[in-house]
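Hi,

Here is the structure I promised to pass on. Please have a look before reading my notes below.

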Amino acid sequence: MLRDRGVDCLSTQQAGNLGCSDSDQLAFATSQERVILTFNVRDFVRRAQEYAAAGSHHGGIIVSDHLPFRELLRRVLALIQRHPHEAFTDSLLWLQDYKTPAAP
């Protein structure tokens with residue numbers, strides 16, 4: 001559904017990364033200049049902190065609680081609408097911050 005809306009996205013399965021470690025997932029996303037969206041909040045918050053402490057860079061990390069699909073889609077689209085792609089670099093974003101649409 002994201003691709004239908006013009007979003008360049010790739011699932012872990014499509015990337016051939018099923019079963020890869022968190023480190024490998026983030027390294028792959030970074031090498032592809034992609035933002036990673038994950039429900040693994042605890043581990044990826046820690047990864048973001050490690051990258052920052054080491055002065056390393058990543059394409060961005062979006063963390064979320066498990067949500068019904070339609071709500072997840074709505075929040076992801078709201079986040080994308082409010083931020084240019086470049087704004088994601090080295091950022092840790094919480095999808096819970098996009099519960100309501102941005103004011104016009």
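At what angle do H2 and helix H3 (residues 41-54) pack, and how far apart are their axes? The angle is about 60°, and the axes lie 11 Å apart. Axes here are lines fitted to C-alpha atoms, for helices over the stretch in contact, and angles run from 0 to 180 degrees between N-to-C directions. That makes H2 oblique to H3 (under 35 degrees is roughly parallel, over 145 roughly antiparallel, 65 to 115 roughly perpendicular, the rest oblique). The crossing of H2 and H3 is right-handed (the near helix is turned clockwise from the far one by less than a right angle).

First, the ground rules. This is a predicted model, where local features need pLDDT of at least 70 and side-chain atom pairs pLDDT 80 or more, while totals for chains, interfaces and linings use all residues. Residues are numbered from 1 along each chain as its sequence is written, and side-chain values use heavy atoms, without hydrogens or water. Helices (H or I, at least four residues) and strands (E, at least two) are DSSP runs, numbered from the N terminus.

Next, the sheet. Three strands form an open sheet, in the order E1-E2-E3, with parallel pairing (two strands pair if DSSP finds at least two bridges between them). Strands E1 (36-38) and E3 (92-94) are at the edges with a single partner strand each, so one side of each has no neighbour in the sheet. E1 pairs with E2 (residues 61-63) over three bridges. Thr 38 has Val 63 in E2 as its bridge partner.

The lining has 39 residues, with Cys 9, Leu 10, Val 35, Ile 36 and Leu 37 nearest the centre. H4 (69-82) is among the elements that supply at least two lining residues. H4 gives the most, with six.

Best wishes

Note on methods:
On a 1 Å grid over the protein atoms alone, a cavity is a set of points where a 1.4 Å probe fits but cannot get out, and a pocket is an open set with protein on both sides within 12 Å along at least five of seven lines; lining residues have an atom within 4 Å of a point.
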